[in-house]
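Here are my notes on the structure you sent, point by point. They cover the ligand site and then the pockets.

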Amino acid sequence: MTSSIAGLSLDELSIDTLRLLAVDTVEKANSGHPGAPLGCAPIAYLLFHKLMKHNPAHAKWPDRDRFVLSNGHASALLYSTLFLSGYDVTVDDLKSFRQWHSRTPGHPERGDTDGVEVTTGPLGQGIAMSVGMAIAEKHLAAVYNRPGFEVVNHHTFALLGDGDLMEGVSHEAAALAGTLKLGKLIWLYDDNLISLDGPTELSYNDDVMERFKAYHWHTQHVADGNDLAAIEAAIENAKNETERPSIIAVRTIIGYGSPKAGTNKVHGEAMGASAVAATKKFFGFPEDRSFYVDDALANWRKAVERGAGLEEKWNQEFAGYKAANPEAAEEFERTQKGVLKAGWESAIPSYPAGKPQATRNAGGAVMNAISAVVPELFGGAADLTASTKTIFKPGESFHVDPTARNVYFGVREFGMSAAVNGMAAHGGLIPFGSTFFVFSDYAKPAIRLASIMQTHSLFIFTHDSVGLGEDGPTHQPIEHLMALRAVPNLTDFRPADANETAAAWRLALERKGPSFFALSRQDLPIIDPAIHDAYANVSKGAYVLVEAADAKVVLIGTGSEVWPAVEAARLLAADGIAASVVSFPSWKIFEEQSAEYKASVLPAGVPRLAVEAGATQGWWKYVGLDGDVIGLDRFGASAPGPIVLEKLGFGADNVAAKAKALVK
Ligand SMILES: Cc1ncc(C[n+]2csc(CCOP(=O)(O)OP(=O)(O)O)c2C)c(N)n1
């Protein structure tokens, strides 16, 4: 069948329509990237029109193939593709690209646009998240599929550019994917030899295929990005390769069909009216019409009927599965909805007052105590499992048995954290990653993205202060608590004991967005659960741990520093000064409380002293200019933990002395 535009096949017409829709979208906004859409449109068309398993009428269908646009600057390509395929994206949405409150923001944002799986734009993160999605698929398939029923059986596709592969996280992600044998992960590499500054040879001449072979990937090269048959054949080959992840390098021309084709000039800005007209002319489209979809739309929209059929087939399979495996089906449905099992929280342990315990140990114990009732909890550490204690016993590895829930991520904090986000975005899992708190720096870009997306990603950091001791300044976090507290949407937990840790775990699972834990290496006393209800208290973010009638000073501590504050209150009492102690495990949650509650914890007119082994910046908000902070605006030192803490001012004597100065 040929199109209404002379000489074009229906496929060509559909692809060119997509190209020019993206060009018009960018032009109308006078902002965005037309180059990559012009080059990559054939790939998007093949995937959405023909090869991917998806249903435009139900973007959240659990067994859909996942698609990640890792080169998020090509958002106009994705939005145009979603519109043409029949997702809930309209021409008006395209016309309001990059405008205030539109459903088509500058880069794809999870939650803003129907059919957008994850937020992308910071290069490298999309592909790294795609690895997490493929991990999730492999694990869930192993857990839920039964002979005769493959209710989890989908691919994860990512479209990426040179920039994605230049980023270091691409190495972490690809090496992990190769090690984990993620055979259903397929990357389509827009190999156009151009990045923002100019030809890639300026800065990048990797032999990409050799690089990926070294990661144990299946590699293919397509010489012409307009050769639909060749791209399709390569994708089919990649699907047939079930052991190794696949990368297909597709040689495209950035800005194909435009006067600036093949140059970086077509990368990052609207083309301008005359170049747009010339591009339309090149493709034989009417130059005087914008957002022209006339004849191609019906062809594109075949994706709707195709998708409905695919999902219906799955629905029937799932009905059979459910009849034969009612319990598994129920758990699958529950975890897909992100609902916790009724009564799960009764498995959370409580720690009687007595033997001190490091909060990292308590965290590991809580995870194991709830593992059977929260089977969706899944993750691991960046080669620090023995230190962070985040392992489900006895420690079976997902690498060996994909039903297992421990992932050995290797020394790849960023790759791990991005994969955690991908798993969370995939659905069906509550994923976690862990490392030393100081290395949250290495994970930070992914923590930020989790917070933008509000995925249920958990980041478990241990060795949370200079109290870790001998490893010294490189391993001792200073600014990390404040830096992460400054990230919007991210819940912080720095529990003071095992019971606060257990409560923090409960809250982290109940809250739907991302959380991080800062847990101690060293043992800490236990807050008596017979007196203090840790869950009720941590649910408020901060609470009065030690009451004092007519207190003259409020001592505020977090985590391990709650304890010198408690001891200082005793010393002060012996000197006739009444001091109350506030344990402050979560700033984020405290901020959610009523003004009345906040005032009950931090009463007006009583001086306040905050004690935290981290940057003081930020505490002034709670202690006021009349208060004081014992913190760290310097790096730590290598020595046994108790000595470092004492020397840096976290002994009870110093806390009491500073408190006395405030009272005066
Ligand atoms: C982490 C990160 N650094 C920098 C940028 C800014 N940036 C956006 S696109 C781009 C160049 C990408 O080149 P390539 O992937 O080859 O895309 P193409 O120009 O071919 O579309 C850069 C540097 C970014 N989005 N993310």
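1. A backbone N or O atom of G121 lies 2.8 Å from a nitrogen atom of the ligand. This is a predicted model, and every distance below should be read with that in mind.

2. For H73, a polar side-chain atom is 2.8 Å from a ligand oxygen atom; for D162, the corresponding distance to an oxygen atom of the ligand is 3.0 Å. The ligand taken alone exposes 590 Å², of which the protein buries 75%.

3. The shell around the ligand consists of 15 residues, and the closest are H73, G163, N192, I194 and H267. By class, the shell has six nonpolar, seven polar and two charged residues. Helix 6 (162–166) and strand 4 (194–195) each contribute at least two residues to the shell.

4. The largest pocket has a volume of about 660 Å³. It is lined by 32 residues, with Q336, K337, G338, G427 and G428 closest to its centre. The lining divides into 11 nonpolar, 12 polar and nine charged residues. Helix 12 (302–324), helix 13 (326–337) and helix 16 (413–426) each supply at least two of the lining residues; helix 13 gives the most, with five.

5. The second largest pocket holds about 350 Å³ of space. Of its 21 lining residues, E137, N153, H154, H155 and K184 are closest to the centre. Eight residues of this lining are nonpolar, five polar and eight charged.

Key
Residues numbered from 1 in each chain as written. Predicted model: local features only at pLDDT ≥ 70, side-chain atom pairs only at ≥ 80, totals over all residues. Heavy atoms only, no water. Near = heavy atom within 4 Å. Polar contact = N/O pair within 3.5 Å; in protein donor to acceptor, adjacent residues only side chain to side chain. Areas by Shrake-Rupley, 256 points an atom, 1.4 Å probe, with all protein chains shown as cover. Helix = DSSP H or I, 4+ residues; strand = E, 2+ residues; numbered from the N terminus. Nonpolar A, V, L, I, M, F, W, Y, C, P; charged D, E, K, R; others polar. 1 Å grid on protein atoms, 1.4 Å probe; cavity = no way out; pocket = protein on both sides within 12 Å on 5 of 7 lines; lining within 4 Å. Points joined across faces, edges and corners; volume = space filled by probe spheres on them.
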